[in-house]
Amino acid sequence: MKKISIIIPAYNEEESLSFLFERLNKITREIENYEFEILLVNDGSKDRTIEIIKEQRKQDNRISYVDLSRNFGKETAMIAGLDYAEGDAVIFMDADLQDPPELIPELIKYWEEGYDDVYARRKTRKGETFLKKFTSKMYYKILQKIAGMEIQRDTGDFRLLDRRCVNALRKLRESQRCTKSMFSWIGYKKKEVLYDREPRVAGKTKWNYLKLIDLAIDGITSFTTSPLRLATYISIPTFIILGVYFIYVIAKCFVVHMAIQAFQAIILLILFFSGIQILLFGIIGEYLGRIFVETKNRPLYLVNEYNGEKEKNEIK
């Protein structure tokens, strides 16, 4: 009998967990010939999330949990789930039930047909603002153009991964993580499944626009070095403009016999080139910051306990 691990990162989800367990229990009990592991990664929650998970585990031994020592972020919680998952395949989903568990049988069906990465693509995104939908659409367009490989649009973390995809992702240990990009990078045989994304069943979203901007920056800079080429792309037209402006100034002096104010030209040139330099330094700084973090070689996370036992090997 094949085993499937359902990995669920959880941060302050006490209001959602009862609904989550109810729907997961119903769906997994209806699916025959498979063994399920429901693995929750408590990402340093400050509410009763871990207590509720422990109580539920006493009633259902299919439930496992990894309790991280503090909040490390969803991306790190996901790799922690992959490290501890025991299944022949894993399914990522959120605790807020925006990703419907009822889609799990269809994901498994395509997995059995030979697909390694069965990802759910959103047809609609209920409960989200126009601004969030628009910015998400533009982000994927930009990432698609500069990435150099196919990126799944309107696709989150809700997907089924075969064990060989899991093993591949576990090898990627960088600390500045963008798992959505990693899903594309590892390749393997992929299959798309369409669904309508629901609003949160309870609680409030943990993502604000500042965090989403940070995630977008991580996604671009951790996935491609294309922004570094902006220095070249900007320098070429800059020198062309500078040359044209120089010719204009010389021609004006000889033809019109009208001298321009020197301080005006100096101020404009200083502002122009200073702006370019600041932009380029900002891009280079993003990459240098990531080099700084990676060279520390710190563990991605620390574990407080796993299924009620203090971890002997706390570092992953």
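Helices (H or I, at least four residues) and strands (E, at least two) are DSSP runs, numbered from the N terminus. The model is predicted: local features need pLDDT of at least 70, side-chain atom pairs count only at pLDDT 80 or more, and totals for chains, interfaces and linings use all residues. Residues are numbered from 1 along each chain as its sequence is written, and side-chain values use heavy atoms, without hydrogens and water.

**Exercise 1.** Carry out the corresponding analysis for Asn33.

*Solution.* Step 1: the loop between α1 (17-30) and β2 (34-42) holds Asn33. Step 2: Asn33, a residue other than glycine, has a positive phi near 70 degrees. Step 3: Asn33 counts as exposed because its relative accessibility is 60%.

**Exercise 2.** Describe how α3 and α6 are arranged and which residues meet.

*Solution.* Step 1: the axes of α3 (residues 74-84) and α6 (residues 163-170) come within 10 Å and cross at roughly 125 degrees (axes are lines fitted to C-alpha atoms over the stretch in contact, and angles run from 0 to 180 degrees between N-to-C directions). Step 2: α3 and α6 are therefore oblique to each other (under 35 degrees is roughly parallel, over 145 roughly antiparallel, 65 to 115 roughly perpendicular, the rest oblique). Step 3: Ile79, Leu82 and Asp83 of α3 meet Val166, Leu169 and Arg170 of α6, with contact meaning heavy atoms within 4.5 Å.

Conventions:
Buried means under 20% relative accessible area, exposed over 50%, partly exposed in between (1.4 Å probe, protein chains only).
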